[in-house]
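Here's a quick tour of the model shown below. Keep the structure open as you read.

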Amino acid sequence: MRFNRGSALLGLAAFSIAASNVVGTAMAAYYEVRQFGGGPAWFVYDEPVDVALHVLKPGDPKCNEIGEIILLFENRDQLRDETLIEKAALAGMNRYAELCRSLGASPSNQRKVAGIITGMGNPDARGRVIGDARVLDAMVSSLTGTYRLTVRRNSVAAAGADNRPTATLAERNRALAAQEAEREAASQTRDKDRSADVTAIRATYDAALAESMANAQKPGLLGRLTGRERAALTGVWSGSKPECSKERVILFERNGVGMVEWWRASSEDVGLLPWRTGQWELRDGTIIMNFDHRVEYDRFRQDLRSGAVDETVQLDLKSVTDSELRLAATGGGISPEALFLGGAEKLFTRCPE
């Protein structure tokens, strides 16, 4: 589909990544910008079904401020072509990932998709597709590197090929029943997809957690005598034994280097994930933890987010015994140390092996 660049309605201006002052990245595909009065804009890519990305700050785009993918259909018949919809949504996901990488950021593995029929529905003043204008509602997601599309609502396909209004009460009831059945089927599909996603997450991280816990077994008597306080810190710690299912701080040695893994449960069904990982050392009664990676589950978006971080926390070692560890925040107030501990000081106990 081609836009009429002279149209006052679209108000498009040609932009590229280079024109957007993004430096140090490979040239991304050209897009056109449709600016909205409220500030956000659409970055529109020329595809068989044109694709738009909703961008909060078009003058200074950031990956985490890119909203949903919007498919711009030319007519209602295109919304009855499942293959066309899937290709369009995947093209939009590729454009989103391409733009994020050109900005030096890592794209999310999940994105919402909206559909609009040009000329038959318009976004609001901030570029959002809502209400009757939103004829398609879907999700593109991946945990394995292969994207898949889940269509949650397609108002045109649900209305029937001829799109005629139902003429009788019985016909209306049948149409309502069919729509309810479709919603129920879509709900069941979402539940199955989420269950499969959780299974995939656990298959990856359960093995990693078991390996780390094996590495963090308490040293023997000789190891404790020679390693002193540092050896005593080796282990799996939590606020209490019941809390071990929700949070575990794992300290162990690997090739003479202290390794720290701070596992937390982002949600009850997803379970423990390596919230922060890195290295640790004990220096003059202070435990210094340098974290370089994080893995978190976004319950709102229902997707896994992981990536590099650069965070350092320094915790005062108040005491450590065979069964208890007491740490205190060195920064005070709402310092990073206090945020990690959940307060100014925290008593840990060993989790069962």
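## Confidence

A contact here means heavy atoms within 4.5 Å. Residues 221-226 also stay under 50, with 4 contacts beyond four places in sequence. The protein averages a pLDDT of 80, and 79% of the residues score at least 70.

Some ground rules: this is a predicted model, so local features need pLDDT of at least 70 and side-chain atom pairs count only at pLDDT 80 or more, while totals for chains, interfaces and linings use all residues. Residues are numbered from 1 along each chain as its sequence is written, and side-chain values use heavy atoms, leaving out hydrogens and water.

## Overall make-up

The protein has 5 helices and 16 strands. These are DSSP runs numbered from the N terminus: helices are H or I with at least four residues, strands are E with at least two. Of the 353 residues, 43% are buried, where buried means under 20% relative accessible area, exposed over 50%, and partly exposed in between (1.4 Å probe, protein chains only).

Among contacts with a separation of 6 or more, 49% are between residues 24 or more positions apart. The accessible surface comes to about 18,600 Å², and carbon and sulfur atoms supply 50% of that. Areas come from the Shrake-Rupley method with a 1.4 Å probe; for residues, only the protein chains shown count as cover.

## The barrel

Follow E9-E10-E11-E12-E13-E14-E15-E16 and you trace a closed barrel of 8 strands with antiparallel pairing. The twist averages 35° from one strand to the next. Axes are lines fitted to C-alpha atoms (for helices, over the stretch in contact), with angles from 0 to 180 degrees between N-to-C directions. Strands pair if DSSP finds at least two bridges between them; E12 (residues 272-283) and E13 (residues 286-298) run antiparallel and share 7. One of the residues to look at is Arg 283, whose bridge partner in E13 is Thr 286.

Leu 317 sits in strand E14 (residues 303-320) and counts as buried because its relative accessibility is 13%. Leu 317 is 31 residues from Thr 286 in sequence, yet their C-alpha atoms are 5.6 Å apart. Leaving out residues up to four places away in sequence, Leu 317 touches several residues, including Leu 233, Leu 282, Ile 287 and Leu 325.

## Disulfides

How many disulfides does the rule give? Taking a disulfide as a pair of cysteine sulfur atoms within 2.5 Å, the count is 2. Cys 63 and Cys 100 form one, with sulfurs 2.0 Å apart. Cys 63 lies in the loop between E4 and strand E5 (66-73) and Cys 100 in helix H1 (residues 82-102), so the link ties together parts 37 residues apart in sequence. At 85° about the S-S bond, this link is right-handed.

Cys 244 is joined to Cys 351 by a disulfide, S to S 1.9 Å. Cys 244 is in the loop between strand E9 (235-238) and strand E10 (247-254), and Cys 351 in the segment after strand E16 (345-350), so this pair ties together parts 107 residues apart in sequence. The link of Cys 244 and Cys 351 is left-handed, with -100° about the S-S bond. Cys 244 is buried at 4% relative accessible area, and Cys 351 is buried at 9%.

Technical notes:
pLDDT is the predictor's confidence in each residue, from 0 to 100.
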